[in-house]
Amino acid sequence: MAVSRDQIDFKPETLRVDFQIAEDGDTESGKNSAIQRRHIKARDEGEPGRTVPLPPNVASELRRHIKNHGAWGPEQLLWTY
């Protein structure tokens, strides 16, 4: 869900994984635990993330998705959350 356009490099067919969607609202007491707020969470400074291979068929589908739907919000996410 937290894939943005700038994380995809189509030339070497790789995907950089360096942030995620997190949910706030969990409390130890359980009070207000039903209230969830999703947000983008970057990795810690000492943990830069990783780069993973992007199979050609997945790269092709991502190209098609970007062409048909574009990106969403200031983070340029490919899917809304």
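Helices (H or I, at least four residues) and strands (E, at least two) are taken here as DSSP runs, numbered from the N terminus. On that basis the chain has one helix and five strands, and along the sequence these elements follow the pattern β-β-β-β-β-α.

The model is a predicted one, in which local features need pLDDT of at least 70 and side-chain atom pairs count only at pLDDT 80 or more, whereas totals for chains, interfaces and linings use all residues. Residues are numbered from 1 along each chain as its sequence is written, and side-chain values use heavy atoms, with hydrogens and water left out.

**The sheet**

Strands are treated as paired if DSSP finds at least two bridges between them. Strand β1 (residues 8–9) and strand β2 (residues 14–17) run antiparallel and are joined by two bridges; Ile 8 has Leu 15 of β2 as its bridge partner, while Asp 9 stands opposite Thr 14 in β2. The two strands form a hairpin with four residues between them, and in the turn Glu 13 has a positive phi of about 55°. Strand β2 also pairs with strand β5 (residues 50–53), again in the antiparallel sense, over four bridges, and the bridge partner of Val 17 in β5 is Arg 50.

Together these strands give an open sheet of three strands in the order β1-β2-β5, with antiparallel pairing. Because β1 and β5 stand at the edges, each with a single partner strand, one side of each is left without a neighbour in the sheet. In a regular strand the side chains alternate between the two faces of the sheet.

Ile 66 lies in helix α1 (residues 56–69). With contact meaning heavy atoms within 4.5 Å, and with residues up to four places away in sequence not counted, Ile 66 touches Arg 5, Ile 8, Phe 10 and Leu 78. For one of these, Arg 5, the separation from Ile 66 is 61 residues in sequence and 8.1 Å in space, C-alpha to C-alpha. Across the chain, residues 24 or more positions apart account for 52% of the contacts with a separation of 6 or more.

A salt bridge is defined as a side-chain nitrogen of Lys or Arg within 4 Å of a carboxyl oxygen of Asp or Glu, and the structure holds two of them.

| Salt bridge | N to O distance |
|---|---|
| Arg 16 and Asp 18 | 2.9 Å |
| Arg 64 and Glu 61 | 2.4 Å |

Exposure is classed by relative accessible area, with buried meaning under 20%, exposed over 50%, and partly exposed in between (1.4 Å probe, protein chains only). In the bridge between Arg 16 and Asp 18, Arg 16 counts as partly exposed at 31% relative accessibility, whereas Asp 18 is buried, with a relative accessible area of 17%.

For the chain as a whole, 20% of the 81 residues count as buried.
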